[in-house]
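Q: I am new to this structure, and I would like to learn how its features are read. Could you take me through them with care?

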Amino acid sequence: MTAPKSSSWLVVFGVFLIGFLSIWQLATLGAKGSSLPGPLAVARSSWEFLSDPFYDRGPNDKGIGLLTLYSLVRLTIGFSAGTLVAVLLGVVLGHNPVLYKGLNPFIQILKAISPIAWMPLLLYSVQDSGITALLVVFMASIWPTLANTAFGVANIRRDYLNVANILQMNWPTKLLKVILPAAAPTIVAGLRISIGSSWVAIVPAEALLGSLGLGYFIWNEWNNLSIANVIFAILVIGCVGVILDLLFNQAAKSMAYSE
Amino acid sequence: MGRGKLLEVEKVSKYFPASGNGVRHCVFENLSLHVREKEFLSVLGHSGCGKSTLLNIIAGIEKADGGFVFLDRKEIDGPGIDRMVVFQNFALMPWMSVANNIKLAVRAAYPHWSREQVRGRVQQFIEMVGLKGADDKKPSALSGGMKQRVGLARAFAVNPRILLLDEPFAQIDALTRGVIQNELVRMWQETGITVFMVTHDVDEAILLSDRILLMSPGPGAEIREEIEIHIPRPRTRETVIDHPAYYETRNRIIRFLNRHTH
């Protein structure tokens, strides 16, 4: 078998994209009474949104850029807090096999629960939709990072820790100079999963809680029966998700080391 | 030699828990030795005889099950920068450049130094091992020999009371090994740092050591013989081989090793 040319995938991508758009356009063209918009209608409404992304005409009418920013700020705050807790707890668990084994069943159960499932409980407890939305992101971001950090720290090569101990490093130095960089590739792999699941969780959280952002926008447009706008929002959510994933992929590459 | 004892190992024992029946497997029992000030001492024995375990106990990264280790007449308890180790597999931080690996150690040894002082010391030892220009390389970009040069630079740069070498040249190809052995001798003489080395390489031990302790294989390993090497310094591989005492010493060691196989 000859090696595929590096650009071959682009052809496949193009064929599928054009095929998909054509079928979609044809399907919506045929049914006159249907309210499902075709790709051209979606492109038109997309163009409207994208040509003025940052306008602000009151709480129910904001530009798509502004809404994306709201979601991203919420994501950043919840994700940062979740990451901080997950990494610190992960380091502790990674260092203490007994604690790790004892707490692992809890982690496994908590990991299996959709962050959205926590929402009623959280809303009832904190009585604030804004904070609840942040907590949902927090819950979504914590588990993969925690599991990966604990695994990464537990599997750091004994030699590196021996060197740190011989050099009599204090704890903060040892953490920052040896433990975290040694476990960094595994931790970042966890962060990449975490940012993905946080982004997945943020849309329903915003929709249900009415917190300004892409999720809220999508629900609002559904209530207005603006299906073209709903489809546009779906595309934006997907694109942002891809960009976030690429960023963390890049981070993973920069943290990787070979022995 | 009238020099004082720098390191004393007194009746140190180490056991590994055996599987199942609870009988402990004895690595060594009541093992004693000492290293004199400025001496180059080697412990020579078969692979797996427990000599690395002994070194790890002196370094403080493994705990003994009995006995004491004294450095400068003070009992050691845990690892310390006064007993810097050069590892067989180098143990460099792979995410750090050559310079940063050495800097990490210098910072730890001299926490109150300014940036300039630290940088100066790092440069000095990079040059001392002939790695000038490789400062920014990662260990993965270096050959085994170059990696161990970094290991030696890191170890000498912290100016330990005693340097512990754990088969430092075992993973380096034979041609490079000779060159780095010569560099080690030069650094040892320039700095006057006491060295404790474990090795299974007979010629390496004769070339480098003032004194060699022969260790029988475990379980229940013992230090059976002590050999003073009187070949004058500076030594090179050639002058050592040409010295009349060389073959006698070498044969004595080989006979010992053959007598005490597993």
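**Reading the chains, sheets and helices**

A: The contact takes 15 residues from chain A and 17 residues from chain B, where two residues are in contact if their C-beta atoms, placed from the backbone, lie within 7 Å. On the side of chain A that touches chain B, helix H7 (158-166) and helix H8 (171-209) each supply at least two residues, and the largest share, six residues, comes from H7(A). Helices (H or I, at least four residues) and strands (E, at least two) are DSSP runs, numbered from the N terminus.

This is a predicted model, in which local features need pLDDT of at least 70 and side-chain atom pairs count only at pLDDT 80 or more, while totals for chains, interfaces and linings use all residues. Residues are numbered from 1 along each chain as its sequence is written, and chains are lettered from A and ligands numbered from 1 in the order in which they are written.

Q: How is the packing of H8(A) and H10(A) described?

A: Two packed helices are described by the angle between their axes and the distance between the axes. The axes of H8(A) and helix H10 (residues 227-255) of chain A come within 9 Å and cross at roughly 170 degrees; axes are lines fitted to C-alpha atoms, for helices over the stretch in contact, and angles run from 0 to 180 degrees between N-to-C directions. H8(A) and H10(A) are therefore roughly antiparallel to each other, a label for angles over 145 degrees, whereas those under 35 count as roughly parallel, 65 to 115 as roughly perpendicular and the rest as oblique. Among the residues that meet are A:Trp199 in H8(A) and A:Phe248 in H10(A).

Q: In what order do the four strands of the open sheet in chain B lie?

A: Strands of a sheet pair through backbone hydrogen bonds, either parallel or antiparallel. Here the order is S2-S1-S4-S5 in chain B, with antiparallel pairing; two strands pair if DSSP finds at least two bridges between them. Strand S2 (24-36) and strand S5 (74-75) of chain B stand at the edges with a single partner strand each, so one side of each is left without a neighbour in the sheet. Two bridges join strand S4 (residues 66-71) of chain B to S5(B), and B:Leu71 stands opposite B:Lys74 in S5(B).

Q: Which strands are at the edges of the sheet with six strands in chain B?

A: The open sheet runs S6-S7-S8-S3-S9-S10 in chain B with mixed pairing, and its edge strands are strand S6 (83-86) and strand S10 (223-228) of chain B, each of which pairs on one side only. Strand S3 (residues 40-44) of chain B pairs in the parallel sense with strand S9 (residues 211-215) of chain B over four bridges, and five bridges join S3(B) to S8(B), again parallel. B:Val43 has B:Leu213 as its bridge partner in S9(B) and stands opposite B:Val198 in S8(B).

Q: Is strand S8 of chain B enclosed or exposed, and where do its side chains point?

A: In a regular strand the side chains alternate between the two faces of the sheet. B:Thr194, B:Phe196 and B:Val198 point one way from S8(B), and B:Val195, B:Met197 and B:Thr199 the other way. Six of the six residues of strand S8 (residues 194-199) of chain B are buried, so S8(B) is largely enclosed by the rest of the structure; a residue is buried if 20 or more other C-beta atoms, placed from the backbone, lie within 10 Å of its own, exposed if 12 or fewer, and partly exposed in between.
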